[in-house]
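Welcome! Please take a moment with the sequence and the 3D view before reading on.

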Amino acid sequence: MERGGEAAAEGKAAAEGKAAEGREEEEEDDFGYRLFPDRSKKPQSFLVRSLFTFHNRCQLMLRMTLDTNPYAQLLLEAMKQSGCTVFNDRHFSCENCDGCVSGGFDSVTSQIVLCQNNIRHQSHMNRVVTHELIHAFDHCRAHVDWFNNVKHLACSEACVRDRAIRSILAVRKVSKEMAEKAVDEVFDACFNDLEPFGRIPHSKTDAKRAYRDFQNRDRYNANL
């Protein structure tokens, strides 16, 4: 009886130890999902969500970006031509996030998360949507291994070196040295990959030209 009790206690302790190890492993390998707590919650009904000002504002600003921003329009067109048509209701989600992030790309669901509690201005929304659409485009075109290859993550972030390093550190539990090494190893090749823009658009005017050039790309090739 006593030995049985001891065995049961030992079994309980072992189970608790394994559970703790599992929690630690899960925390270590959360791949940045801790920054987006709404990802693990059950979706709310449209009626409930519509009552929240943040959500309404986020949806309105998103619609404005998709309808008027040339960077976003070019990326949407490029994804469509690559076989990855983006649908507003399916591929964008306005959610509450950790205070340090404005958006993210969830490769598991192919969904862009927009942090409705942190995006306050239209210009900010434009930047976030464009940035995350670049990740979505890379996911569609290059089949990026987001979870197991930090160089792939660095390449998609490497439009600006320091930002790439900060982004990697935010979503992966790696050392700063490892993040810097990954960015440095891929920076030249990734910085020179100008798809789908074809140029580095330094202004909205450049972005409009790039969008027009992209739309006429097939017409030009057909005349060769």
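This is a predicted model: local features need pLDDT of at least 70, side-chain atom pairs count only at pLDDT 80 or more; totals for chains, interfaces and linings use all residues.

Residues are numbered from 1 along each chain as its sequence is written, and side-chain values use heavy atoms, leaving out hydrogens and water.

**Disulfides**

- A disulfide is a covalent bond between the sulfur atoms of two cysteines.
- Counting a pair of cysteine sulfur atoms within 2.5 Å as a disulfide, the model has three disulfides.

**The link of C58 and C94**

- The sulfur atoms of C58 and C94 are 2.0 Å apart and form a disulfide.
- This link of C58 and C94 is left-handed, with -80° about the S-S bond.
- The pair joins distant parts of the chain, since C58 sits in helix α3 and C94 in strand β1 (residues 92-95), 36 residues apart.
- Helices (H or I, at least four residues) and strands (E, at least two) are DSSP runs, numbered from the N terminus.
- Both C58 and C94 are buried, where buried means under 20% relative accessible area, exposed over 50%, and partly exposed in between (1.4 Å probe, protein chains only).

**The link of C84 and C140**

- C84 and C140 form a disulfide with their sulfur atoms 2.1 Å apart.
- The torsion about the S-S bond of C84 and C140 is about 90°, so this disulfide is right-handed.
- Because C84 lies in the loop between α4 (70-81) and α5 (88-91) and C140 in helix α6, the pair ties together parts that are 56 residues apart in sequence.
- C84 counts as partly exposed, at 25% relative accessibility, whereas C140 is buried, with a relative accessible area of 10%.

- C97 and C115 form a disulfide, and their sulfur atoms are 2.2 Å apart.
- With a torsion of about -90° about the S-S bond, the disulfide of C97 and C115 is left-handed.
- C97 is in the loop between β1 and β2 (103-106) and C115 is in strand β3, so the pair ties together parts that are 18 residues apart in sequence.
- C97 counts as buried at 8% relative accessibility, and C115 counts as buried at 0%.
- The sulfur of C100 is too far for a bond, because the closest cysteine sulfur, in C115, is 8.7 Å away.
- C100 counts as exposed, at 55% relative accessibility.

**Helix α3**

- Helix α3 (residues 53-68) has 16 residues and reaches 22 Å from its first C-alpha to its last, close to the 22 Å expected at 1.5 Å a residue.
- The expected span is 1.5 Å times one less than the number of residues in the helix.
- The buried residues of α3 are H55, C58, M61, L62, T65 and L66.
- Seen down the axis of α3, its buried residues fall within an arc of 135°, so they line one face of the helix; the arc is that of the directions from the helix axis to the C-beta atoms.
- On the face of α3 turned away from its buried side are the exposed residues T53 and L60.

**N118 in its loop**

- N118 has its place in the loop between β3 (111-115) and α6 (122-142).
- A polar atom of the N118 side chain lies 2.9 Å from the backbone oxygen of D98.
- The backbone oxygen of V101 is 2.6 Å from a polar atom of the side chain of N118.
- Not counting residues up to four places away in sequence, N118 touches C97, D98, G99, V101 and H124, where contact means heavy atoms within 4.5 Å.

Methods. A polar contact is a pair of N or O atoms within 3.5 Å; within protein, one must be able to donate a hydrogen and the other to accept it, and residues adjacent in sequence count only if both atoms are side-chain atoms.
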